[in-house]
Amino acid sequence: MYFWYKLLTYLFYIISPIYIFLRKIKKKEHPIRFKEKMSDIKFPREEGFLVWVHAASVGETISVLPLLEYFENEKKIKKILFTTVTLSSEEVLRKKIGNYKKVIHQFLPFDVPKFVNKFLNHWSPNLCIFVDSEIWPNLILNIKKRKIPLLLLNGRITKKSFQ
(Lines give C-alpha, C1' and ligand atoms only; values in the text may rest on other atoms or scores of the structure.)
Protein backbone atom coordinates (compact mmCIF):
# COMPACT_ATOMS: atom_id res chain seq x y z
CA MET A 1 0.00 0.00 0.00
CA TYR A 2 2.81 2.42 0.86
CA PHE A 3 4.31 1.82 -2.59
CA TRP A 4 1.17 3.25 -4.22
CA TYR A 5 1.01 6.16 -1.82
CA LYS A 6 4.63 7.06 -2.50
CA LEU A 7 4.08 6.75 -6.25
CA LEU A 8 1.09 9.08 -6.06
CA THR A 9 3.11 11.63 -4.09
CA TYR A 10 5.81 11.55 -6.77
CA LEU A 11 3.13 12.22 -9.38
CA PHE A 12 1.72 15.02 -7.21
CA TYR A 13 5.21 16.55 -7.14
CA ILE A 14 4.87 17.27 -10.86
CA ILE A 15 1.58 19.14 -10.49
CA SER A 16 2.18 20.68 -7.05
CA PRO A 17 3.12 24.15 -8.39
CA ILE A 18 -0.16 24.30 -10.33
CA TYR A 19 -2.14 22.97 -7.36
CA ILE A 20 -0.67 25.49 -4.93
CA PHE A 21 -1.15 28.35 -7.42
CA LEU A 22 -4.85 27.47 -7.84
CA ARG A 23 -5.26 27.35 -4.05
CA LYS A 24 -3.55 30.73 -3.82
CA ILE A 25 -6.01 32.22 -6.32
CA LYS A 26 -8.89 30.85 -4.21
CA LYS A 27 -7.29 32.51 -1.15
CA LYS A 28 -6.78 29.15 0.55
CA GLU A 29 -3.03 29.72 0.81
CA HIS A 30 -0.94 32.53 2.24
CA PRO A 31 -0.37 35.16 -0.48
CA ILE A 32 3.39 35.32 0.13
CA ARG A 33 4.35 32.20 2.08
CA PHE A 34 2.54 29.61 -0.08
CA LYS A 35 5.87 28.22 -1.35
CA GLU A 36 6.66 26.92 2.13
CA LYS A 37 4.38 23.99 1.28
CA MET A 38 6.99 23.06 -1.32
CA SER A 39 9.82 23.40 1.22
CA ASP A 40 10.82 26.94 0.35
CA ILE A 41 12.50 27.79 3.67
CA LYS A 42 13.37 31.38 4.59
CA PHE A 43 14.68 30.96 8.14
CA PRO A 44 18.15 29.73 9.14
CA ARG A 45 18.41 26.62 11.34
CA GLU A 46 20.78 28.10 13.94
CA GLU A 47 22.72 25.99 16.45
CA GLY A 48 21.20 24.30 19.47
CA PHE A 49 18.36 22.02 20.44
CA LEU A 50 15.38 22.47 18.14
CA VAL A 51 11.94 21.11 18.99
CA TRP A 52 9.52 20.79 16.10
CA VAL A 53 5.83 20.94 16.96
CA HIS A 54 3.23 20.33 14.26
CA ALA A 55 -0.48 21.03 14.60
CA ALA A 56 -2.72 20.95 11.56
CA SER A 57 -5.87 22.73 12.69
CA VAL A 58 -6.92 25.63 14.89
CA GLY A 59 -8.09 23.33 17.70
CA GLU A 60 -4.85 21.39 17.71
CA THR A 61 -2.86 24.64 17.68
CA ILE A 62 -4.76 26.00 20.67
CA SER A 63 -4.40 22.70 22.55
CA VAL A 64 -0.61 22.86 22.39
CA LEU A 65 -0.13 26.51 23.46
CA PRO A 66 0.70 25.58 27.10
CA LEU A 67 3.43 23.27 25.77
CA LEU A 68 4.85 26.13 23.68
CA GLU A 69 4.93 28.35 26.74
CA TYR A 70 6.84 25.67 28.64
CA PHE A 71 9.33 25.24 25.78
CA GLU A 72 9.75 29.01 25.49
CA ASN A 73 10.90 29.12 29.12
CA GLU A 74 13.07 25.98 28.94
CA LYS A 75 16.74 27.04 28.71
CA LYS A 76 17.91 23.83 26.98
CA ILE A 77 15.61 24.48 24.02
CA LYS A 78 17.09 27.07 21.65
CA LYS A 79 14.38 27.13 18.95
CA ILE A 80 10.84 25.88 18.46
CA LEU A 81 9.74 25.21 14.91
CA PHE A 82 5.95 25.24 14.74
CA THR A 83 4.30 24.02 11.57
CA THR A 84 0.66 24.23 10.58
CA VAL A 85 -1.33 23.39 7.49
CA THR A 86 -4.11 25.97 7.39
CA LEU A 87 -4.19 29.75 7.21
CA SER A 88 -6.53 29.94 10.19
CA SER A 89 -4.20 27.92 12.44
CA GLU A 90 -1.26 30.14 11.43
CA GLU A 91 -3.32 33.23 12.26
CA VAL A 92 -4.30 31.89 15.69
CA LEU A 93 -0.69 30.97 16.44
CA ARG A 94 0.58 34.39 15.38
CA LYS A 95 -1.92 36.14 17.68
CA LYS A 96 -1.24 33.90 20.67
CA ILE A 97 2.58 33.89 20.63
CA GLY A 98 3.28 37.50 19.73
CA ASN A 99 6.19 37.98 22.14
CA TYR A 100 7.74 34.48 22.04
CA LYS A 101 11.35 34.74 20.90
CA LYS A 102 12.11 31.07 20.21
CA VAL A 103 9.15 30.18 17.98
CA ILE A 104 9.45 30.09 14.20
CA HIS A 105 6.32 29.32 12.20
CA GLN A 106 6.36 27.61 8.86
CA PHE A 107 3.69 25.86 6.84
CA LEU A 108 4.16 22.09 6.68
CA PRO A 109 5.37 20.98 3.26
CA PHE A 110 3.35 18.54 1.20
CA ASP A 111 4.10 14.90 2.00
CA VAL A 112 6.24 14.50 -1.13
CA PRO A 113 9.64 12.80 -0.62
CA LYS A 114 11.61 15.64 -2.22
CA PHE A 115 9.88 18.30 -0.09
CA VAL A 116 10.11 16.19 3.08
CA ASN A 117 13.84 15.54 2.59
CA LYS A 118 14.61 19.19 1.94
CA PHE A 119 12.59 20.22 5.00
CA LEU A 120 14.23 17.66 7.32
CA ASN A 121 17.72 18.31 5.92
CA HIS A 122 17.35 22.01 6.67
CA TRP A 123 15.67 21.88 10.08
CA SER A 124 17.20 18.67 11.41
CA PRO A 125 14.99 18.70 14.53
CA ASN A 126 16.13 17.09 17.76
CA LEU A 127 12.57 16.20 18.75
CA CYS A 128 9.30 16.09 16.79
CA ILE A 129 5.89 16.45 18.39
CA PHE A 130 2.80 16.02 16.22
CA VAL A 131 -0.59 17.12 17.48
CA ASP A 132 -2.37 15.91 14.42
CA SER A 133 -5.18 13.64 13.37
CA GLU A 134 -3.67 13.29 9.90
CA ILE A 135 -0.89 10.81 9.18
CA TRP A 136 1.87 11.74 6.72
CA PRO A 137 3.67 8.46 5.79
CA ASN A 138 6.62 9.94 3.87
CA LEU A 139 7.31 12.43 6.65
CA ILE A 140 6.97 9.92 9.48
CA LEU A 141 9.09 7.26 7.78
CA ASN A 142 11.79 9.83 7.01
CA ILE A 143 11.82 10.95 10.65
CA LYS A 144 12.17 7.31 11.69
CA LYS A 145 14.99 6.73 9.18
CA ARG A 146 16.88 9.69 10.67
CA LYS A 147 16.31 8.32 14.20
CA ILE A 148 14.67 11.55 15.39
CA PRO A 149 12.36 11.00 18.38
CA LEU A 150 8.71 11.53 17.41
CA LEU A 151 5.81 11.97 19.82
CA LEU A 152 2.26 11.77 18.53
CA LEU A 153 -0.12 13.64 20.82
CA ASN A 154 -3.85 13.40 20.38
CA GLY A 155 -3.34 10.85 17.61
CA ARG A 156 -6.39 8.99 16.46
CA ILE A 157 -6.46 6.44 13.71
CA THR A 158 -9.32 4.37 12.36
CA LYS A 159 -9.00 0.65 11.68
CA LYS A 160 -9.23 1.35 7.96
CA SER A 161 -6.38 3.89 8.06
CA PHE A 162 -4.26 1.57 10.21
CA GLN A 163 -4.56 -1.21 7.66
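**Reading a predicted model: burial, bridges, rings and strands**

Student: In this structure, is F130 buried or exposed?

Tutor: F130 is buried, because its relative accessible area is 2%, and buried means under 20%. Please keep in mind that the model is a predicted one.

Student: How many salt bridges does the structure hold, and what is the distance from N to O in the one between E29 and K37?

Tutor: The structure holds eight salt bridges. A salt bridge calls for a side-chain nitrogen of Lys or Arg within 4 Å of a carboxyl oxygen of Asp or Glu. For the side chains of E29 and K37, the distance from N to O is 3.1 Å.

Student: Where do K42 and D40 lie on the scale of relative accessibility?

Tutor: The side chains of K42 and D40 also meet in a salt bridge, at 3.1 Å from N to O. K42 counts as exposed, with 61% relative accessibility, whereas D40 is partly exposed, with a relative accessible area of 23%.

Student: Which helix holds both E90 and R94, and how many residues apart are they?

Tutor: E90 and R94 are both in helix α4 (residues 87-96); because they are four residues apart, about one helical turn separates them. Their side chains meet in a salt bridge of 3.1 Å, N to O. E90 counts as buried, at 7% relative accessibility, while R94 counts as partly exposed, at 48%. Salt bridges also link E90 and R94 with R33 and E36 in a network.

Student: What describes a pair of aromatic rings?

Tutor: The description consists of the distance of the centres and the angle of the planes. In this structure, a search of the whole finds nine aromatic pairs. One of them joins F3 and W4: the ring centres are 5.0 Å apart and the planes stand at 80°, so the pair is edge-to-face. Both F3 and W4 are exposed.

Student: What are the distance and the angle for the pair of W52 and F130?

Tutor: W52 and F130 form an edge-to-face pair, with 5.1 Å from centre to centre and 70° between the planes. This pair links distant parts of the chain, since W52 is in strand β1 (residues 49-55) and F130 in strand β4 (residues 127-131), 78 residues apart. W52 is buried, with a relative accessible area of 0%. Elsewhere, F12, Y19 and F110 form one aromatic cluster.

Student: How many bridges join β1 to β4, and which residue is the partner of A55?

Tutor: Five bridges join these two strands, which run parallel. The bridge partner of A55 is V131, in β4.

How values were computed:
Residues numbered from 1 in each chain as written. Heavy atoms only, no water. Buried < 20%, exposed > 50% of the residue type's maximum accessible area, 1.4 Å probe, protein only. Phe/Tyr/Trp six-rings, centres within 6.5 Å; stacked < 30°, edge-to-face > 60°. Pairing = 2+ DSSP bridges.
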